[in-house]
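Hello,

Here is the structure we talked about. Please open it alongside this note, and my findings follow below.

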Amino acid sequence: MQRHYGLDWLRIGAFALLILYHVGMVFVPWDYHVKLAGPGWATVPMMATNPWRLSLLFIVSGYASRALLKRHSSRWRFARNRTARLLVPLVFGMAVIVPPQAWVELVTKRGYPHGFAWFWWHDYFRFDASLGLPLPTWNHLWFVAYLWIYTLTITLAVAVTSKSARERAQRGFEALFRGPVLMLLPLVWMVLVNLVLFPGGRETHAVLGDWVAHATYFPAFLFGFALARADGTLASFVRWWKVAAGVALVSYALVAGIELTWPGVARAPHGVGEVFSIARAVEGWFAIAALIGFADSHWNRDHRWRPMLTEAVFPFYIIHQTVIVVVAWWLRGAGLSMLADFLILVAATVAGCWAFYLVGRKIPLVRPLIGLRRHASKRTHVDPRPAIA
């Protein structure tokens, strides 16, 4: 299997965008754990990544999972490794990392009267929603749970199918997903999910009954898994990326125009909501296609920082939202401008993520808790195996 370093860089960039997006969530009127004042137009730059950021994450995670599966001597060892590398940090994150987010939300939105220590010891592990939130919770770590479920599902599918059947499926994927069909078929599915199968549906991140999310992200994960062995499909992305980028930009302009004219599509004329949804779907898929094609054609080279950044992605993901929420809670009473709040949040989040990773990687007992292998690799020229894959 040919190594495409561009997809590694795209994975790193996708998680960096996710962190920046969560900083932006503090300033927009959409539901989030803590809020700071922001301008009404703040939703518009958020719309630049909102339609595609999570689907891209699942695509690149599926792509990386295929490479990891190839490295293991058996599917059982792969499944066992994935379970340890994903579920251990998930449980640790739910027990230790996420609680400050829930406490801040209860304090700011529901007037919770107790300090954090009391909350963590007496109320966080109550296993009910009597305080207004389901506790304990995984908040942003839902992605890890879904990734584990999808990984085990594809591992089981590989285990119960013959090699010849898998090879036929792979050849079929590469034959189908190239040229104009590559640009149109995933878009048709995205429109079908949002306008036909689940019109008006919202993601819950509760696993059971979260059909909108599963219908969107599991196919994206499968697409990335198959893409890892489909050099012809990657070549089509490279060939079409400029066209895809142009279509994505035009679609985003339409999305932004509707959002500025009718914020939240409230009180918009009949049919505008459907146009908005279709434009978001077009923006979403064509942005993904453009990014994959650009990454594989322009970033397909190695760098000495890549292995470390690849390893750092999961610890960054685990800690970033807690840093954002806690710092934003502190900033609520500071009386600073929106620009100052934003810059402080970005700086604090970057610093907090790096500190969490650099300190945690040096402590053997902590490494598995933050998604790293128990022992650091001494092979400086060999990639670390990413936990989020």
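Phenylalanine 237 is buried, at 1% relative accessible area. Buried means under 20% relative accessible area, exposed means over 50%, and partly exposed lies in between (1.4 Å probe, protein chains only). Two points on reading this. The model is predicted, so local features need pLDDT of at least 70 and side-chain atom pairs count only at pLDDT 80 or more, while totals for chains, interfaces and linings use all residues. Residues are numbered from 1 along each chain as its sequence is written, and side-chain values use heavy atoms, with hydrogens and water left out.

What does phenylalanine 237 touch, leaving aside its neighbours within four places in sequence? Its contacts (heavy atoms within 4.5 Å) are Leu182, Met183, Phe223, Leu227, Trp285, Ala289, Ile292 and Gly293.

Phe237 is also among the residues with the most contacts inside the largest nonpolar core, along with Phe143, Phe223, Trp285, Ile292, Tyr317 and Leu345. That core has 108 residues. A nonpolar core here is a set of buried Ala, Val, Leu, Ile, Met, Phe, Trp, Tyr and Cys residues joined through side-chain atoms within 4.5 Å. Helix α13 (residues 306-331) gives the most to this core, with 13 residues. Helices (H or I, at least four residues) and strands (E, at least two) are DSSP runs, numbered from the N terminus.

**Aromatic pairs**

The whole structure holds 33 aromatic pairs. Rings of Phe, Tyr and Trp (its six-membered ring) pair if their centres lie within 6.5 Å; planes under 30 degrees apart count as stacked, over 60 as edge-to-face, and the rest as tilted.

Phenylalanine 223 and phenylalanine 237 make another pair. Their ring centres are 6.2 Å apart and their planes are at 75°, so this one is edge-to-face. Phenylalanine 223 is in helix α10 (residues 211-227), and phenylalanine 237 is in helix α11 (residues 231-261). Phenylalanine 223 is buried at 8% relative accessibility.

Ring pairs also join a cluster: Phe15, Phe58, Trp142, Phe143, Tyr146, Tyr150, Tyr217, Phe218, Phe221 and Tyr317.

Helix α3 (residues 53-71) has 19 residues. Its first and last C-alpha atoms are 28 Å apart, close to the expected 27 Å. The expected span is 1.5 Å times one less than the number of residues.

Helix α4 (residues 75-97) has 23 residues and should span 33 Å; its end C-alpha atoms are 31 Å apart, which agrees. Its buried residues include Arg82, Arg85, Pro89 and Phe92. The buried residues of α4 pack against α3, α5 (99-110), α7 (142-160), α13 and α14 (338-360).

Is threonine 322 buried or exposed? Threonine 322 is buried, at 8% relative accessible area. It lies in helix α13. Its side chain makes a polar contact of 2.8 Å with the side chain of glutamine 101. A polar contact is a pair of N or O atoms within 3.5 Å; within protein, one must be able to donate a hydrogen and the other to accept it, and residues adjacent in sequence count only if both atoms are side-chain atoms.

Histidine 214 is in helix α10. It counts as buried, at 17% relative accessibility. Its side chain reaches the backbone oxygen of valine 207 at 2.9 Å.

**Backbone points to check**

The peptide bond from leucine 135 to proline 136 is cis, with omega near -10°. Proline 136 lies in the loop between α6 (116-123) and α7. Histidine 205 has a positive phi, near 60°. Valine 265 also has a positive phi, near 55°. Most residues other than glycine have a negative phi, and most peptide bonds are trans.

**From the record**

UniProt lists residues 5-357 as "domain: Acyltransferase", in an unreviewed entry. UniProt positions are given in the numbering used here, feature names are shortened, and annotations may be inferred rather than shown by experiment. The span is 73% helix and 0% strand.

Best wishes
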